[in-house]
Amino acid sequence: MTVRPAKSGWVGGSRSVGGRSAPARPGRRIPSVRTPRGRRPPGAPRGPRRLYTRAKRAWDRPLTAYYLILGGSLLITVLGLVMVYSASQIKALQSGLAPTYFFRKQLLAAVLGGVLLLVASRTSVRLHRALAYPLLAGSVFLMCLVQIPGIGVAVNGNQNWINLGGPFQMQPSEFGKLALVLWGADLLARKQDKKLLVQWKHLLVPLVPAAFLLLALIMLGGDMGTAIILTAIVFGLLWLAGAPTRLFVGVLGGAAALGALLITTSANRMSRLACIGATDPGPGDQCWQAVHGIYALASGGFFGSGLGASMEKWGELPEPHTDFIFAITGEELGLAGTLSVLALFAALGYAGIRVAGRTEDPFVRYAAGGVTTWITAQAVINIGAVLGLLPIAGVPLPLFSYGGSALLPTMFAIGLLIAFARDEPAARAALAALATRRPVFGRKPAGVRWKTMRRRVKKRPSGER
């Protein structure tokens with residue numbers, strides 16, 4: 001029987017002769033193993049760590065604060081318009097008005113506020129500082145007019161409004177918040193340039209006396225909610241200015257004592273304080289609004305009853321489109337909707353803190369910190385009252401609740417944050433780079449061809465496979 005030898009061949013880099021492997025020929029090149037395209041290189045992070053690394057890298061980009069402020073504020077405003085339209089229809093019909101009455105007024109205020117936002121975002125820091133003193137003087141003058149009989153108008157027991165004719169009214173104390181932020185920031189920045197903030201008297205004077213003047217004019221009308229917001233702004237400015245802990249605690253203790261005195265001397269404020277955590281309306285239905293706000297949130301569930309399907313807005317919940325619009329949001333959009341609103345405010349607050357912490361300009365730091373304190377504190381007070389964790393203060397949810405007097409200065413303040421975020425050196429460089437890479441009127445850069453899914457792929461040189 002004849003046995004044929006096996007054919008020689010290559011097996012794993014060696015040749016096989018007669019079924020036995022032999023070493024490869026000397027000098028013969030063995031092909032190297034290449035990593036397939038798209039695979040991670042050795043040592044690269046995997047899984048959650050890789051996602052965390054990417055998120056951190058994206059979060060630290062120069063334009064992150066700019067996009068968060070612009071996108072977050074616009075989303076809050078648009079969602080607020082939708083909820084004002086849904087929550088105010090029954091209230092308008094009960095008052096004999098068109099169903100879209102409050103929505104149309106809020107939409108007009110949002111358009112005017114958008115113009116103010118655009119102007120503020122394109123205005124230089126020098127001009128913002130120049131507007132501080134005229135704005136403060138104008139706010140004080142209008143607050144004094146509120147207390148003149150025949151000019152000032154009382155709404156819900158608080159005389160803090162001026163009638164502008166027809167259905168339009170203005171609340172000067174809302175503009176007082178913006179004036180205090182700009183004026184306080186300019187004052188502290190000037191004193192820091194002269195190295196005067198190391199002395200207590202320069203920290204307190206004239207910032208605290210001017211704040212007390214605004215608080216006195218506001219409290220003459222009985223609006224303690226707005227007074228709390230102004231107090232929070234003053235504390236925020238003092239904190240950013242580096243006030244010593246003893247001084248900070250002393251001012252805070254004095255404000256707390258004054259607030260306790262004002263609460264205990266008013267039966268209305270005491271009843272609001274007693275409604276914290278209430279589960280039934282109580283004697284005389286004094287906690288009716290607080291309890292029905294909880295009912296609205298509880299009936300919404302995870303995804304809500306649907307937009308426009310609220311039951312509490314049918315006369316059960318007072319002020320459904322202003323102070324308690326967050327409760328209607330929870331009823332119609334559920335826990336998902338309320339958490340989305342909270343996430344947007346959290347992103348806006350983080351972006352404001354980031355702008356204040358990364359700038360070298362003292363005015364920008366104080367102004368950004370003051371605006372962030374204002375919006376964050378007002379949102380916490382409003383949402384805390386709806387949740388039954390804080391007394392009802394009668395302050396609207398910023399950018400969300402109905403009210404043009406509150407929306408206009410708040411959008412101007414958002415424009416300030418946008419201008420400050422754009423003014424960072426790294427942000428300016430990133431925006432300039434984006435402008436140079438952007439095609440103009442549909443033209444594409446040389447050496448780039450467009451493919452499907454809007455991807456941009458560089459052209460390969462001729463002859464390359």
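This is a predicted model: local features need pLDDT of at least 70, side-chain atom pairs count only at pLDDT 80 or more; totals for chains, interfaces and linings use all residues.

Residues are numbered from 1 along each chain as its sequence is written, and side-chain values use heavy atoms, with hydrogens and water left out.

Begin with the cysteines. A disulfide here is a pair of cysteine sulfur atoms within 2.5 Å. Searching the whole structure turns up one disulfide. The partners are cysteine 275 and cysteine 287, with their sulfur atoms 2.1 Å apart. Both cysteines lie in the loop between helix H10 (267–274) and helix H11 (288–300), so the bond ties together parts that are 12 residues apart in sequence. Helices (H or I, at least four residues) and strands (E, at least two) are DSSP runs, numbered from the N terminus. The torsion about the S-S bond of cysteine 275 and cysteine 287 is about -90 degrees, so the disulfide is left-handed. Cysteine 275 and cysteine 287 are both buried, where buried means under 20% relative accessible area, exposed means over 50%, and partly exposed lies in between (1.4 Å probe, protein chains only). Cysteine 144, in contrast, is partly exposed, with a relative accessible area of 36%.

Next come the charged pairs. A salt bridge is a side-chain nitrogen of Lys or Arg within 4 Å of a carboxyl oxygen of Asp or Glu. By this rule there are five salt bridges. One of them joins arginine 129 to aspartate 186, with the closest N and O atoms 2.7 Å apart. This pair links distant parts of the chain, since arginine 129 is in helix H4 (residues 125–146) and aspartate 186 is in helix H5 (residues 172–193), 57 residues apart. Aspartate 186 has 0% relative accessibility and therefore counts as buried. Arg129 and Asp186 also belong to a network of salt bridges that includes Arg190.

What do the side chains of lysine 313 and glutamate 332 form? They meet in a salt bridge, at 3.2 Å from N to O. Lysine 313 lies in the loop between H11 and helix H12 (325–358), and glutamate 332 lies in helix H12, so the pair ties together parts that are 19 residues apart in sequence. Lysine 313 and glutamate 332 are both buried. The salt bridge between the side chains of arginine 428 and aspartate 423 has an N to O distance of 3.4 Å. Here arginine 428 is partly exposed, with a relative accessible area of 43%, and aspartate 423 is partly exposed as well, at 39%.

Glutamine 171 lies in the loop between strand E6 (168–170) and H5, and at 8% relative accessibility glutamine 171 counts as buried. The side chain of glutamine 171 makes a polar contact with the side chain of aspartate 223, at 3.2 Å. A polar contact is a pair of N or O atoms within 3.5 Å; within protein, one must be able to donate a hydrogen and the other to accept it, and residues adjacent in sequence count only if both atoms are side-chain atoms. Glutamine 192 is in helix H5 itself and is partly exposed, with a relative accessible area of 30%. The C-alpha atoms of glutamine 192 and leucine 203 are separated by 9.8 Å, the two residues being 11 residues apart along the chain.

Last, the spaces. On a 1 Å grid over the protein atoms alone, a cavity is a set of points where a 1.4 Å probe fits but cannot get out, and a pocket is an open set with protein on both sides within 12 Å along at least five of seven lines; lining residues have an atom within 4 Å of a point. Grid points are joined across faces, edges and corners, and a volume is the space filled by probe spheres set on the points.

The second largest pocket holds about 470 Å³ of space. Its lining has 20 residues, of which Phe212, Leu215, Thr231, Ala255 and Leu258 lie nearest the centre. Helix H7 (207–220), helix H8 (224–240) and helix H9 (245–264) are the elements that give two or more residues to this lining, and H9 gives the largest share, eight residues. The lining divides into 17 nonpolar, three polar and no charged residues. In this division Ala, Val, Leu, Ile, Met, Phe, Trp, Tyr, Cys and Pro count as nonpolar, Asp, Glu, Lys and Arg as charged, and the others, Gly among them, as polar.

The structure also holds four cavities of 30 Å³ or more. The largest cavity has a volume of about 60 Å³, and its lining includes Gln378, Pro396, Phe400 and Tyr402.
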